[in-house]
Amino acid sequence: MDRPVVTDSHAVPRATPADDNGAAETWQEDTGPMDMRRVRVGCEFVYVAAVDTPAVIQVEPRDAAPVSLVRPEWSTEPAMYIRHYTDLYGNPCARAMLPAGHSTLRFGAVALVPDATEEADDQAPELPPEQLPDGVLIYTLPSRYCLPDMLGDEAWSRFGAVPAGYSRVQAICDYVNSHLTFEYGGSGPLSTAADVNTSGLGVCRDFTHLAISFCRALNIPARYVFGYLPDMDVPPDPAPMDFAAWMEVWLGDRWWTFDPRNNRRRKGRILIGCGRDASDVAMVTTFGAPLLESMTVHAAEEPE
């Protein structure tokens, strides 16, 4: 895909209401058996550092239903101590010290995913701000890359007359998908939603930031999500595999998945992390300035 490393992103059937922290995933237990498919995911980063450099790595998927992980494995060259923790958004993270010189970090796992696309419900309603759970209010506010305050007039002029609810969010995705042209190099690590709205160019994180900004301007909670997105039951993308970004929007009593970049329901989304925008879920955060020599990502279905 396209999400650059920042050195200073639910497939599924149904959802249970989230608690006040808005932390529930977009699914719930089904009453019948669900077919599952195996997807091998992973990535590799090669760095060159002048000095030992602390790093936080966020590439391991959440091991939470309906997706489950099989044999998640980390490896490094040279050997490094990796300590794991969970951040304030519930995302799995790892800490390591990149040694001076060349170093390689690898992660891999098999994910079991439902053989089902995300749910959709044209009748899912918007809630007025006073009825929103406390924990989702943060996703109505401006953040580093998502600027509902700057894009509010345009959001209301374009989408204010669209019937509220699921259909209005879909109208936002339709507009963003047609307004922006996907282009590597068309945006940079400092580009905000307002910047790409003006330029008309971006990668999937930019599509997501702009759609989130329009939603928040209309008081619809929206959060940034990134993860692995294999080509399951869709034509294969000839471009090199990369991480994918999409968004989740709070309608009714749950989060719903929307993808402004691809603008279609998909199978096999494997969530790594969520937050206010891409700054909350950088794949690698380094406390220094090592050179990223190469990065590879893979996500592909495995035969039974």
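**Talking through the model**

Colleague: Let's begin with Phe 45: what is its bridge partner in S14?
Modeller: Phe 45 has Met 295 as its bridge partner in S14, where strands, like helices, are DSSP runs numbered from the N terminus (strands E, at least two residues; helices H or I, at least four). This is a predicted model, in which local features need pLDDT of at least 70, side-chain atom pairs count only at pLDDT 80 or more, and totals for chains, interfaces and linings use all residues. Residues are numbered from 1 along each chain as its sequence is written, and side-chain values use heavy atoms, with hydrogens and water left out.

Colleague: And how many bridges join S1 to S14?
Modeller: There are 10, and S1 and S14 (residues 291–301) run antiparallel; two strands count as paired if DSSP finds at least two bridges between them. S1 (residues 36–49) also pairs with S6 (residues 101–114), again in the antiparallel sense, over 14 bridges, and there Cys 43 has Phe 107 of S6 as its bridge partner.

Colleague: Switching topic, what is the strand order in the open sheet of 4 strands?
Modeller: The order is S11-S10-S9-S12, with antiparallel pairing. The edge strands, each pairing on one side only, are S11 and S12 (270–275).

Colleague: Which residue of S12 is the bridge partner of Tyr 228?
Modeller: That is Ile 270, and S9 (residues 222–228) pairs with S12 over 5 bridges in the antiparallel sense.

Colleague: Which residues have the most contacts inside the largest nonpolar core?
Modeller: They are Tyr 228 and Phe 243, in a core of 66 residues, where a nonpolar core is a set of buried Ala, Val, Leu, Ile, Met, Phe, Trp, Tyr and Cys residues joined through side-chain atoms within 4.5 Å. Buried means under 20% relative accessible area, exposed over 50%, and partly exposed in between (1.4 Å probe, protein chains only). The largest share of this core, 8 residues, comes from H4.

Colleague: What about H2, which of its residues are buried?
Modeller: The buried residues of H2 (residues 166–179) are Tyr 166, Arg 168, Val 169, Ala 171, Ile 172, Cys 173, Tyr 175 and Val 176.

Colleague: Last one: where is the pLDDT below 50?
Modeller: It is below 50 over residues 1–31, pLDDT being the predictor's confidence in each residue, from 0 to 100. Where pLDDT is low, the predicted coordinates should not be read in detail. The mean pLDDT of the protein chain is 90, and 89% of its residues reach 70 or more.

Note on methods:
The expected span of a helix is 1.5 Å times one less than its number of residues. Contact means heavy atoms within 4.5 Å.
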